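Here are my notes on this model. Please keep the structure open while you read.

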Amino acid sequence: MDTGPLDSHRALGINAPSSDRVLYRKVTTCSPIRGKNRFEAYNDTDPSHIAYGDTLVGYLFGPVGEINYTFQYNTHSLAEHNGYELTSLVAFAGSARRAWEPIPAVNRTDGDISIFFLTANSVSYQEPVIDPFYIATTPKPIQGTDANLTFYSPDFMVNVMACVDQHQFCNPFTRQCTPLNGVLVLGSGITQLNLNAAQYTTALLINLHLAELTTYSIVHSRGALALRATETLNDNFQVGLPSTQWMTEMSSWFGISMAKLQQKVVQYATGPSTIPDSYNLIKPQTAAERNICNNQIIRKTNGTTSFSVLGVAIILIIGTILIITSWTLDTCVRYIRGKKKSNQYKSLQWIVDEKLQLQRLAYEEAGQGHWREGASTVPLTEKDDKIGLPRNANMEHPRLSQLAGHTVITYPGTPLETEGLLEQKGR
């Protein structure tokens, strides 16, 4: 897995002109390891040990301190209801004192080695698994069930994976790069890149956090919870896993390490979210350090909402069509009926049933106002016309009546229109 050259400005948000940027690259190589001839089994005969009488298996990939084996497995775990367990160790290249000293077949001097011991214990699979990190092809009939059920047990008590993490810095202008190397060895190479003060400070900031980006650091504190395979595990029973599950695990760990680098760079500017009482924050000491603090770019995720552009567009288009239709439908129908000379009465009835025309009818029948546009959507009065309840209206049962100073207006065709309306209603 290779990030390729990452621009400190574009990938990490350290806002700087092109002349003050650096390139960072991480390469992680992982491979399953078969422990053939790399383990020995023995019985614990020390009564003072909690594992007294159990059979223990020691895996020999280099001593850990004064202990000759790298990892020890108690076979009694096979009989217990235990799920996945993941143990990890790390060896930094160039370190004079290492807790784990890898054997030559595993050791690398140009990268930091992480080794992982996966024990599936009592996990059973519904289908055979040929993934090298989870391999399980041993049939295991389930007793006490009416149906003929066969699950599959892990082929090995312990499966081993090893990774090497390498880092590199480059000066984008001189095209000089450090060799791909481990964290401790990398620092001396940075000084050979002819970086200016801003570039050098940026490189040191990134380098400061690289020890926390080893594959070991991503996994160690999480144990088996770091495994994506646990997402489909239920009470130690699991469906079959794809043959590339180990690649999925490694890619996930690699991605987490890069996300962690971005987080650490941002926290350099913002400060950590919590500060224990025993810790002290050291403020930037140089102009270049202060410049990085004041020029950090981050994506603002709060205060934003994701939405479907297509959904909004459909709502706007359909809503606009409905609004335009409601505005024009009456006019269009009335125009068509007028041209065809049909159903004009229905159009007129539709108009006068509107609240403004109903108000006109009431006031006009009471002899108030001089009205026009009686067959339009909005009726109008003459200028200075006054309409409303008379001042001496009955407070319990008010009625419209002719206001003082107004005359009752009659229209010659009114009786005939009323008769026609009654006739239509009678039908």
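1. Start at Thr-214, which sits in the loop between H2 and helix H3 (215-220). Helices here are DSSP runs of H or I with at least four residues, strands are runs of E with at least two, and both are numbered from the N terminus. Is Thr-214 buried or exposed? Thr-214 is buried, and its relative accessible area is 0%. Buried means under 20% relative accessible area, exposed means over 50%, and partly exposed lies in between (1.4 Å probe, protein chains only).

2. Which residues touch Thr-214, leaving aside neighbours within four places in sequence? They are Phe-92, Asp-112, Ser-114 and Asp-165. A contact means heavy atoms within 4.5 Å.

3. A word on the model. It is predicted, so local features need pLDDT of at least 70 and side-chain atom pairs count only at pLDDT 80 or more, while totals for chains, interfaces and linings use all residues. Residues are numbered from 1 along each chain as its sequence is written, and side-chain values use heavy atoms, with hydrogens and water left out.

4. Next, look at helix H1 (residues 183-190). Its buried residues are Val-183, Leu-186, Gly-189 and Ile-190. They lie on the same side of H1, because they cover an arc of only 105° around the axis. The arc is that of the directions from the helix axis to the C-beta atoms. These buried residues of H1 pack against strand S7 (112-119), strand S11 (159-171) and helix H2 (197-208).

5. Now helix H8 (residues 355-365). Gln-357, Arg-360, Tyr-363 and Glu-364 are its buried residues. They fall within an arc of 125° seen down the axis, so they line one face of H8. Helix H7 (344-352) and strand S15 (371-372) are among the elements that cover them. Lys-355 and Glu-365 are exposed on the other side of H8. Just after H8, Gly-367 has a positive phi of about 80°.

6. Finally, the whole protein. It has nine helices and 16 strands. Of its 427 residues, 35% count as buried. What is its radius of gyration? The protein has 42 Å, whereas a compact globule of 427 residues would have a value near 22 Å. That radius is taken over C-alpha atoms, and the globule rule is 2.2 Å times the number of residues to the power 0.38. The C-alpha atoms fill a box of roughly 120 × 75 × 50 Å along the principal axes.
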